[in-house]
Amino acid sequence: LYYYGCGITQKKSPHWEGSWAIINKTFDRLKQQYPDVEFRGASSLFRHDMRVKLRELLDAGSETIVIAAPMAIFSHFEEFNSSFRHSFEYIEEWEEEHPGKKIKVVLAPQMGDFQPLQQAFLEMLKDRLDTLPEGSDVLVAVTVHGMPWDSFKWEAWLQLSPAHRDKLFEGCEELLKKYKFGRTKVVICQDEFSDPIWDPKEKYLSTNKAYWNAINDGYDYAIGLPIEFFAENSDTLMHHAMKCYENFDQYDVNEPVTYPDWSVPYTREFVQGKTHVIYNGLPVGKYQKHVDEAYYQAVDSVLSKRQ
């Protein structure tokens, strides 16, 4: 249903356009600084395209390939067992076809290792907090995608996430101290896999439960801060929403999303009891400059070390 034009009235997801905007702007900037470096972009969804782009670089004489995934936090699921792995396979295939040629491969760091990415989300949160009345009780939910972690204890995400997630958690706590609110609280939660099937012992806090805890505790505001995405997509708009807003009186799973202007963050608000539950959106528009800068710093941290 949602993937064939019925979930969003515009019948298009912003994710593809938003992702390439970050990549292309960053590559244009890097080309100015490193005019002798070749740049290519490809999606791991289209493996043939990845292979073609890599072979273009290799056939042109590139001896070092820097793989730079525009992701906040790397994982086995998205990178090490997917885009990175396939890139290695295609490079090894080329090497076998060219005896004596050995290509050096470097993985650029994840974007979450660089402060501008946290800055993007903190500025969004500040702009939201500025609109709330003094004396309000405010909960901020720092939300991640989530995985059934106990079934994937080897997942690289578990080791790599603190650089971004925990710094944002601390940043949110410090930001809340600057306001004359009543009770304040920051929690870390996940949209997916905190459910009776994957998490029967309730070891991991779900975003839905974080919201309901705030509602039952009488908070005035519960603000969701999704920190792993840079443009709205089928997860944030639809699939995760089904779970995050489960049992909310004002949430209708069959109501299409309307998001006509992708240059401003998509937000939504539900009132449950006395609590305003607010989805704070993603860092597009005026906030995207920080995302661009984080990606630039990630790639430049490698290119700047060339000898």
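A charge sits over a ring if NZ of Lys or CZ of Arg is within 6 Å of the ring centre and within 35 degrees of the ring normal. The exercises below use a predicted model.

**Exercise 1.** Find how far arginine 29 lies from the ring centre of tyrosine 296.

Solution. Arginine 29 lies over the face of tyrosine 296, and the distance to the ring centre is 3.6 Å. A second case is arginine 183, whose charged end sits over the ring of tyrosine 219 at 4.3 Å from its centre.

**Exercise 2.** Classify the pair formed by the rings of phenylalanine 80 and phenylalanine 84.

Solution.
1. The search of the whole structure gives 21 aromatic pairs.
2. For phenylalanine 80 and phenylalanine 84, the ring centres are 5.3 Å apart and the planes stand at 75°.
3. Planes over 60 degrees apart count as edge-to-face, so this pair is edge-to-face.
4. Both residues belong to helix α3 (residues 76-97), where they are four residues apart, about one turn of the helix.

**Exercise 3.** Decide for phenylalanine 80 and for phenylalanine 84 whether the residue is buried or partly exposed.

Solution.
1. Buried means under 20% relative accessible area.
2. Phenylalanine 84 has 0% relative accessibility, so it counts as buried.
3. Phenylalanine 80 has 27% relative accessibility and therefore counts as partly exposed.

**Exercise 4.** Describe the aromatic pair of phenylalanine 193 and tryptophan 198.

Solution.
1. The centre-to-centre distance is 5.6 Å and the angle between the planes is 85°, an edge-to-face pair.
2. Tryptophan 198 has a relative accessible area of 42% and is partly exposed.

**Exercise 5.** List the residues of the aromatic cluster that contains Trp212.

Solution. Trp212 forms one aromatic cluster with Tyr211, Tyr245, Phe248, Tyr251 and Phe270.

Conventions: Residues numbered from 1 in each chain as written. Predicted model: local features only at pLDDT ≥ 70, side-chain atom pairs only at ≥ 80, totals over all residues. Heavy atoms only, no water. Phe/Tyr/Trp six-rings, centres within 6.5 Å; stacked < 30°, edge-to-face > 60°. Helix = DSSP H or I, 4+ residues; strand = E, 2+ residues; numbered from the N terminus. Buried < 20%, exposed > 50% of the residue type's maximum accessible area, 1.4 Å probe, protein only.
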